[in-house]
Amino acid sequence: MSQDDTSIATPLPELEGLTGAFYGFCKDGELRFQRCSDCGSWRHVPREMCADCGSWSWEWERSSGRGTIFTWTVVVRALHPAFQDACPYAPVVIEMEEGVRILSEITDCPPDELEIDQPVEVVFEDASEDVTLPKFRRVAS
Amino acid sequence: MSEEACIVGIGETAYMRKPGSGMSLLGLQLQAAVRAIEDAGLTGQQIDGIMPFPNLGHAEGFAANLGCRNLRFQSIIWMGGAAPVASLRVAAAAVGRGLADYVLIPAGWNGYSGARARQTVSEDVSSLPGGAIARDFYLPFGFTAPPQWYSVIARRHMHEFGTRAEQLGCIAVAMRKHAQRNPNAVMNGRPLTLEDYLASPMLADPYRVFDCCLETDGAAAVVVTTAERARDLGKEPVFIMGAASGQPCPADEITNRKDIFETGLSLAAPEAFGQAGISPRDVDFAQIYDCFTFEVLQQLEEAGFCKRGEGGAFVEGGRIELGGELPVNTHGGLLSEAHVLGMNHIVEAVRQLRGDAGERQVAGAEIGVVTGWGDFGDGSIAILRRA
């Protein structure tokens, strides 16, 4: 690996608008998703309107932070230079108790131990001074 | 479609990796375009509609070089690899309504010698499917590129339906076999066995290297016009019996669909077959957008060639090989011919329906299907028939 490769920063979210609000809660140690005030449906990623009922009314509601592993991939060969040192690593889709799914990773689980339906709970990991990412760890079923 | 439109011209460049085309992005596509225009018996000046591939060209640049005297129709369909077939549908509608007489659809890139296909996405956020969503919710977790995005769906399919690596391998092997009968295929002369496939290194588990399409330089193009004009050209046309495109809901985020296996094709295929008035059983061959092996399996299911969950068994036993029940990607596809953004699939379908496919001709081919797949599962399909 060349020095150039290692100097490429990990991509981070831009903290604007609804995305900024989502990650702002993460920084405070809270996982919150939008929930429609009219039909009650939860949503992720952040949206302006409820795709189920068309309502513009919603609130950032606190998630239980618990979910199960829905699916994953194991990146053996990085296709972005910032992740070359991380291989192998596993982006994981987690299905939350509220029904929404979120793309993240499991901090305490080697890729070869991942299992569909494994219960997990949210933990927060600082990625920079400004950005905290929601990640997950295994819990007993 | 009430008045059938048709494809009257096809053109391709050589497909290559090392040392690359040595041509500009526009020059490469123009070479294919000129061949398609000549094949149709037209001149560049007569082209009055152009539908470039998203992010790979502007109609004005093509028109200025071709000398188009009256470019009165242009449009870009922002559906990634689903764009060429989706463009075919819009071009058919455009000539049917008199918005243009002759529509050129070009596509191509220096996918090997220029920006490699694998890098395009991670280095150019403006071309990311899903745009800011991918930037803000995928990339920070290293979920950066198509084989990673799609392989999570493949794993879920394996979990729910018992789909196996060997079955994905059957797809890679079939495409490679077909490439042995195609001198313009990059993988011509390089056969692949199931053992080779299983021994290839993992890239984004469950995707191995041989589950992934090639990165190549090359371009292809077609010309669309009305049946009436086709008769005057004295060229045997290939008719567009039905064409549709669709997007899953939501299209800009791949993990939160209520039905995780829904694609744009799931919605578009019934529409296209309805227009054509035929069923998948009537189809003689299918050119299926094969960015990765599992996407072929999934599209065969979602297009209705088999039931959902049965794709694994469907691709086994040579069924999708030349001589099988439904030959798929008779040119070798993106996996073994070249990655020409699916435009090479349309060209091959036309060639088959003209009876010009040489060693790989599907005997008696009368009806063929072409699909496109792009971004986070956008889909398109065209059903073509010979004159």
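Chain B carries an open sheet of nine strands with mixed pairing, in the order E3-E2-E4-E7-E1-E8-E11-E10-E9. At its edges sit strand E3 (73-74) and strand E9 (285-287) of chain B, each pairing on one side only. Strands (E, at least two residues) and helices (H or I, at least four) are DSSP runs numbered from the N terminus, and two strands pair if DSSP finds at least two bridges between them.

A quick word on the model: it is predicted, so local features need pLDDT of at least 70 and side-chain atom pairs count only at pLDDT 80 or more, while totals for chains, interfaces and linings use all residues. Residues are numbered from 1 along each chain as its sequence is written, chains are lettered from A and ligands numbered from 1 in the order written, and side-chain values use heavy atoms, with hydrogens and water left out.

**Around the sheet**
- Strand E2 (residues 49-50) and strand E4 (residues 103-110) of chain B pair in the parallel sense over two bridges; B:Ile50 has B:Leu104 as its bridge partner in E4(B).
- Helix H14 (residues 343-354) of chain B lies across E1, E4, E7, E8, E9, E10 and E11 of chain B, and runs at about 110 degrees to E1(B).
- That angle is taken between N-to-C directions on a scale from 0 to 180 degrees, with axes fitted to C-alpha atoms, for helices over the stretch in contact; contact means heavy atoms within 4.5 Å.

**Where the chains meet**
- On the chain B side, 34 residues are in contact with 36 residues of chain A.
- About 3300 Å² is buried between the two chains, and carbon and sulfur atoms give 59% of that.

**Cavity and pocket**
- On a 1 Å grid over the protein atoms alone, a cavity is a set of points where a 1.4 Å probe fits but cannot get out; a pocket is an open set with protein on both sides within 12 Å along at least five of seven lines, and lining residues have an atom within 4 Å of a point.
- There is one cavity of 30 Å³ or more, and the largest cavity holds about 70 Å³ of space.
- Its lining includes B:Tyr150, B:Arg257, B:Glu295 and B:Trp373, with helix H6 (146-161) and helix H11 (293-302) of chain B each supplying at least two residues.
- The second largest pocket has about 560 Å³ of space. Of its 23 lining residues, A:Trp42, A:Asp52, B:Pro250, B:Asn256 and B:Lys258 lie nearest the centre.

- B:Asp101 is in the loop between helix H3 (83-96) and E4 of chain B. Beyond its neighbours within four places in sequence, B:Asp101 is in contact with B:Asp48, B:Arg72, B:Val95, B:Val224, B:Thr225, B:Thr226 and B:Arg229.
- A cis peptide bond joins B:Lys18 and B:Pro19, with omega about -5 degrees; B:Pro19 lies in the loop between E1 and helix H1 (25-39) of chain B.
- Chain A has a cis peptide bond between A:Cys87 and A:Pro88, where omega is about -10 degrees.
- B:Asn55 isn't a glycine, yet has a positive phi of about 70 degrees.

How values were computed. Grid points are joined across faces, edges and corners, and a volume is the space filled by probe spheres set on the points. Buried area is the accessible area (1.4 Å probe) that two parts lose on being put together, summed over both.
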